[in-house]
Amino acid sequence: MATVRVSGVSVAAERAEVGVFATEYRLTGLNLLIAFIALAIGGLFGVMQALQYNGIDLYKPISPILRGGYYQGLALHGVLNVLVFTTFFIIGWLTFVTSRSLGIPLASRTLGWTTFGVMTGGLLIAALPLLLNNATVLFTFYPPLKADPLFYIGLTLVVVGTWLLLINQVMMLRQWRAANPAARIPLPAFMAIVTMTMWVICTFGVATEMLFLLIPWSLGLVQGTDPVLARTLFWFTGHPIVYFWLLPAYISWYNFVPQQAGGRLFSDPMARVSFILFLILSTPIGMHHQYTDPGISEIWKLVHAIFTFGVFFPSLLTFFNVVASLENGGRARGGKGWLVWVFNLPWREPSFTTQALAMILFAFGGAGGLINASYNINLVVHNTSWISGHFHLTVGTAVTLSFMGITYWLVPHLTGRRLWSPTMALVQAWTWFVGMGIFSHWMHTLGLLSMPRRTAIGAMRELHPEWEPLLPIIAVGALIMFVSAILYYLNIVLTITAGKKDAVPMVPFARAVSGPEDGPRWLDNFKPWLAIAFALIVVNYTPTLIRLVSEMQFIPGIRSW
């Protein structure tokens, strides 16, 4: 793997820096370890689902272990990949980014270990009912499907554990500002803090759902719960969680990829504005997931639809800023013409290529998101496999493939060992790109043909004749991704155990063509942005929540599995 040296910093100095952040590196490494174990297990169930579509039911041979079959596997796939993998990776990644960007250790390393301990404890508590088929309620856990209380308690602990990182970040920022009163907040730290702030705000929805509706209900303290209120509180968190997944990938796209490309970030102020807009607009849009839900006014569905289109704007800013930065790198490497500069980018560098391919597929996922946000068109694709295809372009590629690309330099940096095989890493990136392209395209197509999602298609007695020729293609795409995943894990394990011991300097944070000094200082003041964010949440949610609470109808729980 080609490594980039920080200008003017020797390898010895870099490794000395590593020693200063030894605790932060351990926390980062442990979080990444749990994240990728979860991805491996959850991904295996994903392949089994694609094969089940084609009548190859691998759940039967393991039925003594997993009695719930397809739907238990689907629940494990969603919880492990969508919730556990992403959350643990992000907490580890943002711990690393914040400390290295500010140049100081965690304000409280005890709090850092507590964060990890609470999250891991919550994961183990939630895993028990999942594995015993007592929580086969999928990752959205909609009532009246009723899981074991340990599932709800465990997931709540995972969420609450993440809040502790924001406390640590705020304390670190105060320390840094006391020592650097005239300096602008470094862009990576600014983005990491904004990401965690947005996350803590939006998770009050699911935390409220857990603490006041689902946990008391599952413990038998109340006889029922209100499904519409529960769904509304879930989607208060459920759509912002998409940006909790994406923004850490954006942090790499803004701060590391331009440097890897050989250029500079196009605009630091534009990057800050985009993250501020995500902070403001990510939460008051959840009802666009509830277009078909009764009990919610069409007026508020329309308002949330409008704001959903609004949150597309910072994504467009990101697209422009990152592509302009890559063009800067391509031209710095000798590229010319309107598009020929693309071929001068470092396509033989695994970390860069992996993330660049993630960006390409995400462009299609973003376009599909506009369809999902549109009230009338959404009714065509709602609860079809189109949604699964879209989901795999976003969290399954933009996020997952970017996180893999980040580890291609981060794991060598954390372990002091060079990447075992850059060639294998490149093959892995391209096979994931091809496999996901096949899988997601035909999942979208099947959605337009009304194939339902979250359904054991292979168990249906009769299939729609237009589905049958496309289902094997879905399996082919999934199997190609499975091969890609094997290559990834093999490469990382060999890097950790057999990689050449070497002092691997960190890929440096990208400098900006238009730096922070070109933007107003009030961009770094979080107070007005938080005030606007809270105001929009109050306006967009309070009327609906007040009415739903006043009209609560308690439904007893059911177990359909």
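Predicted model: local features only at pLDDT ≥ 70, side-chain atom pairs only at ≥ 80, totals over all residues.

Trainee: How are H2 and H4 oriented to each other, roughly parallel or roughly antiparallel?

Mentor: Helix H2 covers residues 22–53 and helix H4 covers residues 109–131; their axes lie 10 Å apart and the packing angle is about 10 degrees. Angles under 35 degrees count as roughly parallel. The orientation of H2 to H4 is therefore roughly parallel.

Trainee: How many nonpolar, polar and charged residues does the contact of H2 with H4 have?

Mentor: On the H2 side, the residues include Leu27, Leu30 and Ile34, as well as Glu24 and Arg26. They meet residues of H4, among them Trp113, Phe116 and Leu123. By class, the contact of H2 with H4 has three charged, four polar and seven nonpolar residues.

Trainee: How is H3 placed against H14, oblique or roughly parallel?

Mentor: Helix H3 (residues 69–102) and helix H14 (residues 385–415) have axes that come within 11 Å, and they cross at roughly 45 degrees. The crossing is left-handed. Because of that angle, H3 stands to H14 as oblique.

Trainee: How many charged residues are in the contact of H3 with H14?

Mentor: From H3, residues including Phe85, Phe89, Trp93 and Arg100 meet residues of H14 such as Phe391, Phe403, Trp409 and His413. The contact divides into 14 nonpolar and six polar residues, and the number of charged residues is one.

Trainee: Which residue caps the N-terminal end of H11?

Mentor: Helix H11 (residues 298–332) has 35 residues and reaches 52 Å from its first C-alpha to its last, close to the 51 Å expected. Gly334, with a positive phi near 105 degrees, follows H11. At the N-terminal end, a side-chain oxygen lies 3.1 Å from the backbone nitrogen of Ile299, and the capping residue is Ser297.

Trainee: How many charged residues are in the contact of H15 with H16?

Mentor: Helix H15 (residues 422–448) packs with helix H16 (residues 471–498) at an angle of about 155 degrees, their axes being 8 Å apart. That angle makes H15 roughly antiparallel to H16, and H15 passes H16 in a left-handed crossing. The contact has 20 nonpolar residues and six polar ones, and its count of charged residues is none.

Conventions
Residues numbered from 1 in each chain as written. Heavy atoms only, no water. Axes fitted to C-alpha atoms, helices over the stretch in contact; angles between N-to-C directions. Helix = DSSP H or I, 4+ residues; strand = E, 2+ residues; numbered from the N terminus. Parallel < 35°, antiparallel > 145°, perpendicular 65-115°, else oblique. Contact = heavy atoms within 4.5 Å. Nonpolar A, V, L, I, M, F, W, Y, C, P; charged D, E, K, R; others polar. Expected span 1.5 Å × (residues − 1). Polar contact = N/O pair within 3.5 Å; in protein donor to acceptor, adjacent residues only side chain to side chain. Left-handed = near helix turned anticlockwise from the far one by under 90°.
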